[in-house]
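This text leads through a structure step by step. Keep the sequence and the 3D view open while reading.

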Amino acid sequence: MTSVEVQNAYLKLGQFNLQDINLKVKSEEFFVILGPSGAGKTVLLDLIAGFSYPDTGKILVDDEDVTFLPIEKRRVGYMFQDFALFPNMSVLKNIKFGTRYYKIPNVENRIGELMELLDIVQLRNRHPTTLSGGEKQRVALARSLILEPKILLLDEPLSSLDARTKEALRDEIKEIIEKVGITTLYVTHDQVEAIVLADRIGIMHDGRLLQVGSSDQVFDKPQDELIARFVGMENIFKGIVKANCDGLISVDVGNAIIEAVSDIAVGNKVTLGIRPENITLQVGETISSARNIFSGKVKQIIPLGPINKVKIDCGFMLNALITKRSSEFLLLSKDREIKVLFKASNVYVIADDDRLFGDI
Amino acid sequence: MFASKYKTERTLIVFSIVSAIALILVIAPVANTLLSHSPQDLANTSIQPEVYNAIFLSLYAALFTSFAALVLGVPLAYILARKQFAGKSIVESLVDLPLVVPHTVAGIAVLLVWGRTGIFGAPINDIFGVQFYGTVAGIIVAMLFVSFPFMVNSAREGFEGISPDIEQAARTLGASPFEVFRRISLPLAFRGIMVGALLVWARAISEFGAVYIIAYYPMTAPILIADQYLQFGLKASSAIAALLLIITLIVFVLLRFVILKRKVEE
């Protein structure tokens, strides 16, 4: 039963600044820190682990100030990207390493149970260099969990694995951590990992924690354009509200009027975001309740496995994701004339507050 | 087909020829020295007290030098491998300084600080009654001065080969910084450290210039060889040279085999 809190943390590392980090992770919560490379995710994790100290601010574990407590006194489990197993020790000795420093009652039985839970009993005498990525990860997890840490920190533990192993291990991590019941902070740049694993997600960019919320809140209601882009809203337009009719606004985005659901008053600047998967394509006569219907020409079709990304010129560029089968059914090809539809309720509206927007 | 294969392998062939020439340049004098004396010759030389005393002195003074270099060099190597600090490049240059100083100059420099009136020599003489000019202790400090960079650089490479994540992982598992060093860093850098110690030992045995200045007597093997050469000519000195060569080669190969083949495991 351990909560973790970061209060007003700042840290300058050369050109990089971790700025004003405020975060509270509840007991037994699975919290995912999501952000692109260089966002400062690992730096934040390192502060909690004690690998570095903040210039200002505090780290609290169960309301106790641990900001400057040495690493070995924090009782924090840490899974590194490369798992950091000790190459001079067998799997069993790796797992036993910390039991010399932390007294674990009935330690031999606990090790046996944990190795069974993680299905690594048969690896006990092997050396880390002979293990696969997945096996290494399980051993690293066992090595941390045997010490019953207060918090488990995972730094992109799946990033070095192939896609198939990654998926299997992601589910496994979730299951094991749920079984053990431990407060977890997990760092990743992979949105799917974040959605699958997280109770809550914190979006980080450029040393700042921009938004914290459930995956629904973060992915469907991003607080600004920066987050919107990062969470996959590929179609983003800036415009001015020209009309507001009972919560249905018409926004002039330059070459078109887009309708959206919002109560923002006429004359305000807004940013609109539309997910490519919420765009429907049709050919010929169109009958639909969608408020936004545009004619356009296919400019490019990019195959992404079972899905195609279609770039369409409607006087403004739109990206749509449709299944390969639908592409074939619509006979999509370059320069084909099509209709583009999306509902007003699928247009996410962000009131502009003159923030500086950058690319992620 | 042969021509195209020849073309692609041409660089390798040229490199192989150059390498062979280089190896011959090293092997020829050594082999010639060894083969120009009969076993009887060598046996007769080895039973002369001044010869076996000098060779024995060289071997054990070099061994002490290796231990001293280990104790003093490993912590410095670890700091250089792991920490960034102001003036680090100056420290690195200082470590390498003995490599660029002529060895007679090194001998004079060492004598000035370790001699009876030197800043180290005087207090040590006053407190412990230990002198360095013309003593084994002097030979060891001279050997240490010229060979120290080999210890630091080799051990440092060993430590740099360990991912810092591994050391930090050990800290999260409850190990103090010293425990991490003892159980993780030291065993994983063992090979680099031992290579350093071996190089120090080899370098110390071969040292002439610095030892010549601080301690002509008691005579180490290289000084005895030079002394014999100047007094009695090439033949007299080359027999001792061959003997020293054989002994050091045997010890070097044995140590290398025993130390470096050892599996590093807790």
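**A walk through chains B and A**

Pro218(B) sits in the loop of chain B that runs between helix H11 (209-214) and helix H12 (221-232). The model is a predicted one, and in it the peptide bond joining Tyr217(B) to Pro218(B) is cis, with an omega of about -10°.

Along the principal axes, the C-alpha atoms of chain B fill a box of roughly 80 × 65 × 35 Å. Chain B has 266 residues, and 36% of them count as buried. Its contacts also reach along the sequence: of those between residues at least 6 apart, 77% join residues at least 24 apart.

How do the helices of chain B meet? Two packed helices are described by the angle between their axes and the distance between the axes. Take helix H4 (residues 88-100) and helix H7 (residues 136-160) of chain B, which pack at an angle of about 130° with their axes 7 Å apart. The crossing of H4(B) past H7(B) is left-handed. On the side of H4(B), the contact is made by Val95(B), Asp96(B), Pro98(B) and Leu99(B), and on the side of H7(B) by Phe145(B), Val146(B), Phe148(B), Pro149(B) and Val152(B). These residues divide into 8 nonpolar, no polar and 1 charged.

A second pair in chain B is formed by helix H2 (residues 39-46) and helix H13 (residues 234-261), which pack at an angle of about 90° with their axes 9 Å apart. H2(B) and H13(B) are therefore roughly perpendicular to each other. Here Asp41(B), Leu42(B), Thr45(B) and Ser46(B) of H2(B) meet Ala239(B), Ile240(B), Ala242(B) and Leu243(B) of H13(B). The contact of H2(B) with H13(B) comprises 5 nonpolar, 2 polar and 1 charged residues. The spacing of such residues can be read against the geometry of the helix: an α-helix has 3.6 residues a turn, so residues three or four places apart point the same way.

Just after H5(A) comes Gly181(A), which takes a positive phi of about 70°.

Which residues of chain A other than glycine have a positive phi? One of them is Asn8(A), with a phi near 45°. Asn8(A) lies in strand E1 (residues 4-13) of chain A. Asn8(A) counts as exposed because it has 12 C-beta neighbours inside 10 Å, and a residue is exposed if it has 12 or fewer.

Another is Asp62(A), which is not a glycine and has a positive phi of about 50°. Asp62(A) is placed in the loop between strand E4 (56-61) and strand E5 (64-65) of chain A. Because it has 14 C-beta neighbours inside 10 Å, Asp62(A) counts as partly exposed.

Methods
Residues numbered from 1 in each chain as written. Chains lettered and ligands numbered in written order. Predicted model: local features only at pLDDT ≥ 70, side-chain atom pairs only at ≥ 80, totals over all residues. Buried ≥ 20, exposed ≤ 12 C-beta atoms within 10 Å, placed from the backbone. Contact = placed C-beta atoms within 7 Å. Helix = DSSP H or I, 4+ residues; strand = E, 2+ residues; numbered from the N terminus. Axes fitted to C-alpha atoms, helices over the stretch in contact; angles between N-to-C directions. Left-handed = near helix turned anticlockwise from the far one by under 90°. Nonpolar A, V, L, I, M, F, W, Y, C, P; charged D, E, K, R; others polar. Parallel < 35°, antiparallel > 145°, perpendicular 65-115°, else oblique.
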